[in-house]
Amino acid sequence: MKFELLPDKVARVLSDAGRIADEIGYNIYVVGGFVRDLIIGVENLDIDLVVEGDGICFAKKFSEKYSAKLETYERFRTALVTMENGLSIDIVTARKEKYPHPAALPEVSEGTVRDDLFRRDFTINSMAIKLNSNDWGKVIDFFEGEKDLSKGIIRILHDLSFIDDPTRIIRAVRFEARYGFHMEEKTESLAVKAIESGIFDALSRERIGFEFDILLREKNFAEILKRMLNLGILEKIYPEIDLTDVLMDILASLDKKISLLQKNLKFNENIDKILLYILILHYNMNSEKACSSASRMRLNKSFKHEILSFINIRDNSLPMLIGKGSVSNYDIYIAFKEISTEVLVALYLIEDNHIFHERILKYINCLRSIKPCITGKDLLKAGVKPGPEFKEILQSILIQKVNGTINTIEEELDYVKKTRISSES
């Protein structure tokens with residue numbers, strides 16, 4: 001096994017886990033995605049340990065060794081150890097699962113490591129490595145996961161796997177895109193049958209949302225969406241999304257287009273790519289449909305606000321901003337000043353209009369940061385009494401500065417004097 005390729009802090013944790021398990025007479029294994037990625041040479045610091053014995057008892061002794069933070073969950077006999085070196089270790093008592101009905105959360109009971117591996121989603125995620133000194137580094141592979149891994153195959157462990165937990169279909173698509181793998185023929189057939197059966201209707205929106213949130217963080221998100229569309233999952237879980245060829249092209253080339261855009265910006269913008277994906281997916285919806293979609297996705301208030309801002313500017317300001325007619329700098333400023341960088345970037349990516357692109361760049365690079373230099377103290381010195389006139393003068397100066405007719409603080413003060421003389425006469 002490729003333990004020698006692991007970072008020292010990870011190798012030390014696994015070695016100590018085996019030693020502590022030896023001391024208390026338990027068998028212990030590192031399992032799941034960590035093993036899969038170790039075999040194919042991909043770094044994965046998500047460590048899941050399975051204990052044949054009392055997982056919480058082991059977790060207490062393990063956390064004491066490292067003076068680490070310990071959280072225990074007695075009902076499921078699991079624990080989470082958070083270490084000072086940044087590692088988080090999930091520790092579970094080996095268990096077996098029973099699903100009371102399709103798409104339900106499982107009922108669990110104590111079991112062996114074989115039981116624990118059999119409850120997992122795919123053969124490639126159902127391998128373990130023993131950490132006890134007598135069998136240190138031994139690969140436990142009851143279901144030929146290593147063979148499937150070498151062939152790039154995603155295979156479920158039993159025929160009812162997708163019925164028990166339909167979210168496994170979403171995970172299968174994610175692993176296909178992440179590793180360049182493909183579902184084994186029977187597995188894909190069972191996935192399609194499960195989708196067509198309406199099994200996703202039995203899932204809570206929270207469980208679907210959890211899986212979709214993970215998808216949004218994958219590098220090949222566009223590829224994942226296309227696969228979900230072709231399998232028929234997308235319309236089942238998020239029917240409001242209309243994944244047109246135009247949107248697919250934008251999503252597929254997102255990183256490249258953002259990189260090109262950044263080269264035209266004066267400052268490097270910190271862009272939330274997750275929000276950007278969400279905005280693009282909602283671009284061809286009306287407000288009502290977008291609200292329905294945001295609720296179905298269980299998006300937070302901030303994301304819902306961004307979506308509605310996006311749709312509002314598309315419907316109300318876009319016709320003016322993409323046209324060749326006369327548009328002042330202040331018109332651009334007013335159109336964009338209340339919206340986020342992500343909304344601006346999404347509009348830039350979707351609307352293939354040179355004039356519109358120039359106006360967005362002008363706003364981000366020049367107009368966005370413009371503010372009056374003078375303050376209330378300056379206005380008081382100029383004889384302006386506190387009240388509505390303060391705001392009116394400052395707003396008037398802002399308009400002049402954005403439009404380029406005023407540039408310096410001296411010009412601002414001169415403008416105030418002229419305004420005062422004009423109002424008094």
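Which residue caps the N-terminal end of H16? In this predicted model, the cap is Asn 300, with a side-chain oxygen 3.1 Å from the backbone nitrogen of Ser 302. Let's start from that helix and then visit other parts of the structure.

## Helix H16

Helix H16 covers residues 301-316, which makes 16 residues. From its first C-alpha to its last it reaches 22 Å, close to the 22 Å expected at 1.5 Å a residue.

Have a look at the side of H16 that is hidden from view. Its buried residues are Phe 303, Glu 306, Ile 307, Ser 309, Phe 310, Ile 311, Ile 313 and Arg 314. The cover over these buried residues includes helix H14 (273-281) and helix H15 (287-296), along with H17, H18 and H19.

## Helix H20

The buried residues of H20 include Phe 356, Arg 359, Ile 360 and Tyr 363. An α-helix has 3.6 residues a turn, so residues three or four places apart point the same way. The partners that the buried residues of H20 pack against are helix H13 (254-263), helix H17 (318-322), helix H18 (329-336), helix H19 (341-350) and helix H22 (388-402).

## Leu 367, in H20

Leu 367 lies in helix H20. Is Leu 367 buried or exposed? Its relative accessibility is 3%, so Leu 367 counts as buried, the cut-off being under 20%.

Leaving out residues up to four places away in sequence, Leu 367 touches Asn 329, Ile 332, Tyr 333, Lys 362 and Val 402. Leu 149 is another matter: 218 residues separate it from Leu 367 along the chain, and their C-alpha atoms are 54 Å apart.

## The nonpolar cores

The largest nonpolar core has 125 residues, and Leu 49, Phe 58, Phe 62 and Phe 336 touch the most other members. There is also a second, separate core of eleven residues, with Val 113, Leu 117, Ala 128 and Ile 140 among them.

Not counting residues up to four places away in sequence, Phe 336 touches Ile 313, Leu 321, Leu 344, Phe 356, Arg 359, Ile 360 and Tyr 363.

Where is Glu 240 found? Look in the loop between helix H11 (233-237) and helix H12 (245-252). Glu 240 is buried, with a relative accessible area of 7%. Its side chain makes a polar contact of 2.9 Å with the side chain of Ser 292. Beyond its neighbours within four places in sequence, Glu 240 is in contact with Met 285, Lys 289, Ser 292, Ser 293 and Arg 296.

Lys 401 is found in helix H22. Lys 401 is buried too, at a relative accessible area of 11%. Among the residues that Lys 401 touches are Ile 370, Pro 372, Cys 373 and Glu 412.

## The largest pocket

The largest pocket has a volume of about 1700 Å³. Of the 42 residues that line it, the closest to its centre are Arg 119, Arg 120, Arg 171, Phe 210 and Glu 211.

Which helix gives the largest share of the lining? That is H7, with six residues. Other elements that each supply at least two lining residues include helix H2 (33-40), strand S2 (47-52) and helix H9 (205-215).

Notes: Residues are numbered from 1 along each chain as its sequence is written. This is a predicted model: local features need pLDDT of at least 70, side-chain atom pairs count only at pLDDT 80 or more; totals for chains, interfaces and linings use all residues. Side-chain values use heavy atoms; hydrogens and water are left out. A nonpolar core is a set of buried Ala, Val, Leu, Ile, Met, Phe, Trp, Tyr and Cys residues joined through side-chain atoms within 4.5 Å. Buried means under 20% relative accessible area, exposed over 50%, partly exposed in between (1.4 Å probe, protein chains only). Contact means heavy atoms within 4.5 Å. Helices (H or I, at least four residues) and strands (E, at least two) are DSSP runs, numbered from the N terminus. A polar contact is a pair of N or O atoms within 3.5 Å; within protein, one must be able to donate a hydrogen and the other to accept it, and residues adjacent in sequence count only if both atoms are side-chain atoms. On a 1 Å grid over the protein atoms alone, a cavity is a set of points where a 1.4 Å probe fits but cannot get out, and a pocket is an open set with protein on both sides within 12 Å along at least five of seven lines; lining residues have an atom within 4 Å of a point. Grid points are joined across faces, edges and corners, and a volume is the space filled by probe spheres set on the points. The expected span of a helix is 1.5 Å times one less than its number of residues.
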